[in-house]
Amino acid sequence: MSTSGVSVNVDVQRSFQRLSDSKEYRYILFKIEDREVVVEAAVAQDELDLTVDDYETNSKEAFGRFVEDLRQRTDNFKDCRYAVFDFKFTCSRVGAGTSKMDKIVFLQICPDGASIKKKMVYASSASAIKASLGTEKIIQFQASGVKVDASCKKAYDELHQKHQHSYIIFRISDDDTTIIVDKVGSKNAPYSEFVEEIRKSVGDGKECRYAAVDVEVQVQRQGTDAASRLTKVVFVQYCPDEAPVRRRMLYASSVRALKATLGLESLMQVQASDISDIDEKAIKHELMSHQRT
């Protein structure tokens with residue numbers, strides 16, 4: 001049982017095994033009903049009535065049928081669902097030619113049109129269905145339905161590539177649909193200003209924020225007496241313990257969209273729940289330990 005009190009019906013695992021082991025189904029839709037994750041639909045390959053070869057089109061037609069089925073079952077994307085879909089595609093490998101591949105994908109679908117309450121229930125219950133299915137067999141995708149405004153990428157590139165800003169604070173819009181820029185720090189603003197702006201933006205700890213901050217450190221190189229000056233961008237996900245569970249869950253389920261848009265693979269990332277977690281000395285110490293060579 002999940003932390004939300006939602007359990008998983010035994011048919012969920014049974015149907016998934018029929019998809020993953022015997023390929024009896026092409027996709028399965030799951031929904032939460034009476035505090036239990038149940039199978040809503042298990043659709044076989046021949047039910048899709050495809051007109052083209054799946055491998056040649058990388059499952060385009062089959063996935064289109066899946067999306068249309070999902071749209072109808074959720075009243076034009078006004079409800080949440082879990083799903084597993086068996087993707088068929090071709091993959092070219094150097095020296096090995098073209099191979100046909102199959103990958104099972106788990107999707108956690110929470111559209112913009114779904115209520116916050118629904119999104120919260122599905123987000124907090126996802127671990128239960130994942131445990132039931134077994135994550136080693138599947139690729140996982142999760143979406144809160146929150147989009148990223150283009151201004152976020154523009155501001156981040158100005159900070160990361162051109163160092164025109166000292167920090168950027170991002171927030172989710174008042175209607176809970178879009179991640180937007182909340183505050184941009186001037187080029188030479190001190191780190192203490194960033195901390196103070198974070199403190200002010202979350203009020204009495206009832207709100208959450210994302211941020212990217214430019215941090216300068218002096219790194220001692222091994223085997224030399226010289227120190228190098230390094231400037232690195234740190235990504236912060238700040239969710240105070242005092243923030244409502246709904247806000248923390250929304251920010252937690254939306255962070256992947258922001259990371260993907262900004263491209264944060266190479267950055268040091270900090271998950272903070274207290275203002276002391278982003279103390280300048282602590283951040284610099286962590287950065288220096290990562291940069292020693």
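Predicted model: local features only at pLDDT ≥ 70, side-chain atom pairs only at ≥ 80, totals over all residues.
A residue is termed buried when its relative accessible area is under 20%, exposed when it is over 50%, and partly exposed in between (1.4 Å probe, protein chains only). Residues are numbered from 1 along each chain as its sequence is written, and side-chain values use heavy atoms, with hydrogens and water left out.

Salt bridges were examined with one distance rule: a side-chain nitrogen of Lys or Arg must lie within 4 Å of a carboxyl oxygen of Asp or Glu. The count by this rule is 23. In general, side chains of opposite charge can pair when their charged atoms come close. R14 is partly exposed, at 49% relative accessible area, and forms a salt bridge with D11, with 3.3 Å between the closest N and O atoms. D11 is likewise partly exposed, at 40%. Both residues belong to helix α1 (residues 10–20) and stand 3 residues apart, about one turn of the helix; helices (H or I, at least four residues) and strands (E, at least two) are DSSP runs, numbered from the N terminus. E197 is buried, at 16%.

A salt bridge of 3.4 Å, N to O, joins R171 and D182. Because R171 is in strand β8 (residues 167–172) and D182 in strand β9 (residues 178–185), this pair ties together parts that are 11 residues apart in sequence. R171 is buried, at 19%, while D182 is partly exposed, at 29%. Both belong to a network of salt bridges that also links D174, D176, E207, R209 and R247.

In strand β4 (residues 81–93) lies D86, which is buried at 1% relative accessible area. Its side chain makes a polar contact of 3.2 Å with that of K23; such a contact is a pair of N or O atoms within 3.5 Å, where within protein one must be able to donate a hydrogen and the other to accept it, and residues adjacent in sequence count only if both atoms are side-chain atoms.

For C80, the nearest cysteine sulfur is that of C110, 3.4 Å away. C80 is buried, at 0%.

Definitions and conventions: Disulfide = S-S within 2.5 Å.
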